[in-house]
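Work through the exercises below with the sequence and the 3D structure at hand. Each task is followed by a solution in steps.

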Amino acid sequence: MGSNETSAPSNFIRHIIDEDIAAGKNGGRVATRFPPEPNGYLHIGHAKSICLNFGLARDYKGTCNLRFDDTNPHKENMEFVESIQNDVRWLGFSWSGKVYYASDYFEQLYGFAVELIEKGLAYVCDLTAEETRAYRGTLTEPGRDSPYRSRSVAENLDLFQRMRAGEFADGARVLRARIDMASPNINLRDPTLYRIRHGVIHHQTGAEWCIYPMYDYTHPISDALEGITHSICTLEFEDHRPLYDWVLDNISVPCHPQQIEFSRLNLQYTVMSKRKLTQLVDEGFVEGWDDPRMPTIAGMRRRGYTPASVRDFCDRIGITKSDNTVEMSLLENCVREDLNVNAPRRMAVLRPLKVVIENYPEDQVEQLDCANHPQDESMGSRQLPFCREIYIDAEDFREVPPPKYKRLVAGGEVRLRNSYVIRCDQVIKNAQGEVIELRCSYDPATLGVNPEGRKIKGVIHWVSARHAVEAEVRLYDRLFSVPSPDAAAAKEGKDYKDFLNADSLRTLTRCYLEPALGEAGAGELFQFEREGYFCLDAQRSANGGAIWNRTVTLRDSWAKIEQQGD
RNA sequence: UGGGGCGUAGCUCAACUGGCAGAGCGACGGACUCUGACUCCGUAGGUUCUAGGUUCGACCCCUAGCGCCCCAGCCA
């Protein structure tokens with residue numbers, strides 16, 4: 001849990017709630033709900049909604065229900081039901097009471113439909129889907145009444161009962177609200193309330209029903225039945241609010257929740273629609289819903305994001321009604337800020353270059369005591385073996401250094417982090433002229449102290465070649481090569497998948513880690529000094545070795561300097 | 001050419017409902033440093049979508065435009 005779990009920043013929804021409380025509305029009670037459909041994994045956009053709804057309950061001493069909006073069994077399943085609960089819990093929230101399902105209300109929903117029929121406000125319509133569309137009219141032209149609109153109450157009651165009894169085939173009839181086919185709001189042109197779906201096994205209700213209620217009908221009633229006070233959803237449902245209110249105004253429910261809409265989150269260099277994420281998974285563009293490149297909660301967890309960092313992010317982006325696309329750097333800042341404080345330091349060499357310290361005794365090994373965190377003594381220390389052969393990162397040596405380079409160069413000196421100062425005496429190359437090994441010498445007087453009379457500017461990380469543990473390291477980059485894949489696709493007449501970043505995953509094998517990392521457990525996070533933050537994957541590599549996922553790099557001002565030099 | 005929304009710094013959001021337009025992130029510069037990290041200090045960046053109007057005074061109120069998003073599932 002985060003260190004400073006205060007209440008979230010204010011926003012227009014909190015203003016509304018403040019006013020409601022001041023006015024004594026709902027007896028000062030605040031009840032929200034998070035209503036996902038179990039047809040996919042939760043993503044960072046859902047996290048925004050979760051933090052909002054559960055955060056409201058937390059800050060106003062109210063309640064927040066977890067309710068599955070499970071009215072379309074064709075697309076839903078238990079894997080999603082379970083992953084969603086998992087992800088909400090992981091984010092650090094607990095729902096009030098039991099887990100709710102819209103399907104819990106199927107019987108009541110049916111009863112309210114009968115009530116609407118009896119009031120002459122709903123009718124069974126025999127139009128096909130195509131005919132219904134044709135009768136609906138267009139954005140600029142009104143629709144026409146269905147020929148079945150004026151059926152008698154008795155006939156509607158009989159037909160609806162027989163729909164439930166399974167007498168009619170899929171698509172043969174639907175139950176529709178009787179509102180206004182000429183409404184400028186298309187959602188009010190006699191929307192469908194129930195459709196027939198034979199042969200699907202619902203994950204909660206099995207084969208009990210062959211008619212299923214629609215979202216627009218189910219949602220307001222579920223909210224009212226649960227005594228929700230503020231029903232918060234995203235902007236695209238704004239047009240549906242009159243229908244939400246119409247349903248509640250015309251049936252006998254105990255209360256009338258207020259629907260409030262806010263804008264969904266867009267994040268640069270990724271996509272957020274469940275349809276697209278499903279496609280990336282199903283068509284194998286990523287390894288699964290929890291692929292660390294995915295903007296899913298499961299993916300971010302596997303990548304090494306912490307719950308606190310995700311919550312912090314959600315607090316910082318705010319809640320408004322404006323369309324928005326948040327920069328990836330904000331998300332990255334949130335993880336770095338958390339991990340900088342909480343992740344123990346370790347050393348790992350990702351692109352090994354052998355270094356032999358020729359003046360160090362062949363059979364000697366020193367155990368160096370190293371702080372686990374430079375600013376936090378309470379994190380303790382660990383032993384780090386040092387010997388004659390070590391590995392450094394190939395990037396930390398240049399035969400011909402670029403300007404401002406302050407790592408190891410031929411004939412130059414550098415500080416080995418937590419250890420001695422060494423000087424490069426000889427560069428050994430293979431037949432192709434590639435540097436394959438360095439011969440160095442160390443200054444025994446530089447352990448824990450700076451050398452006399454000269455300033456060593458560079459500090460590089462290293463591991464003992466004799467003691468290192470080997471591992472696979474996966475470096476992740478943005479999933480897409482453009483900030484807004486959807487916009488780019490639309491503009492260039494391509495598919496969003498055409499903008500997938502081919503280098504979003506770089507796998508490094510034969511990386512060498514300091515021995516202490518050999519004892520890490522799955523999910524553990526460390527800062528590999530000078531490289532970034534890394535998380536041990538629960539999976540093992542093909543040869544049974546450890547896999548470390550890079551959560552995020554360290555901020556890298558050298559990369560900028562280097563780029564400017566080019 | 002219907003209906004519903006939204007326009008404040010590069011990005012995301014504030015601005016006590018009419019009283020000197022701010023913050024976080026990012027960018028740039030510097031200090032410090034056994035992580036080119038962290039931390040610290042500083043700088044730049046605004047016609048508040050535009051044009052009128054009301055007012056002593058407008059991001060806020062009024063009028064007219066402009067731009068962008070959403071809606072024609074028996075999806076949610």
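Helices (H or I, at least four residues) and strands (E, at least two) are DSSP runs, numbered from the N terminus. This is a predicted model, in which local features need pLDDT of at least 70 and side-chain atom pairs count only at pLDDT 80 or more, while totals for chains, interfaces and linings use all residues. Residues are numbered from 1 along each chain as its sequence is written, chains are lettered from A and ligands numbered from 1 in the order in which they are written, and side-chain values use heavy atoms, with hydrogens and water left out.

**Exercise 1.** Find which element gives the most to the lining of the second largest pocket.

Solution. On a 1 Å grid over the protein atoms alone, a pocket is an open set of points where a 1.4 Å probe fits, with protein on both sides within 12 Å along at least five of seven lines; lining residues have an atom within 4 Å of a point. The second largest pocket has a volume of about 1500 Å³ (the space filled by probe spheres set on the points, which are joined across faces, edges and corners). Of its 48 lining residues, Glu 37, Asn 39, Lys 75, Tyr 215 and Phe 237 are the closest to the centre. Elements that give two or more residues to this lining include strand 1 (31–34), helix 7 (215–225) and helix 9 (274–282). Helix 9 gives the most, with four residues.

**Exercise 2.** Which residues touch the most other members of the largest nonpolar core?

Solution. A nonpolar core is a set of buried Ala, Val, Leu, Ile, Met, Phe, Trp, Tyr and Cys residues joined through side-chain atoms within 4.5 Å. The largest has 41 residues, and Ile 44, Val 88, Val 310 and Phe 313 touch the most other members. Helix 2 (44–59) is among the elements that give two or more residues, and its share, six residues, is the largest. Phe 313 is in contact with Ile 44, among others.

Note on methods:
Buried < 20%, exposed > 50% of the residue type's maximum accessible area, 1.4 Å probe, protein only. Contact = heavy atoms within 4.5 Å. Lists of a residue's contacts leave out its neighbours within four places in sequence.
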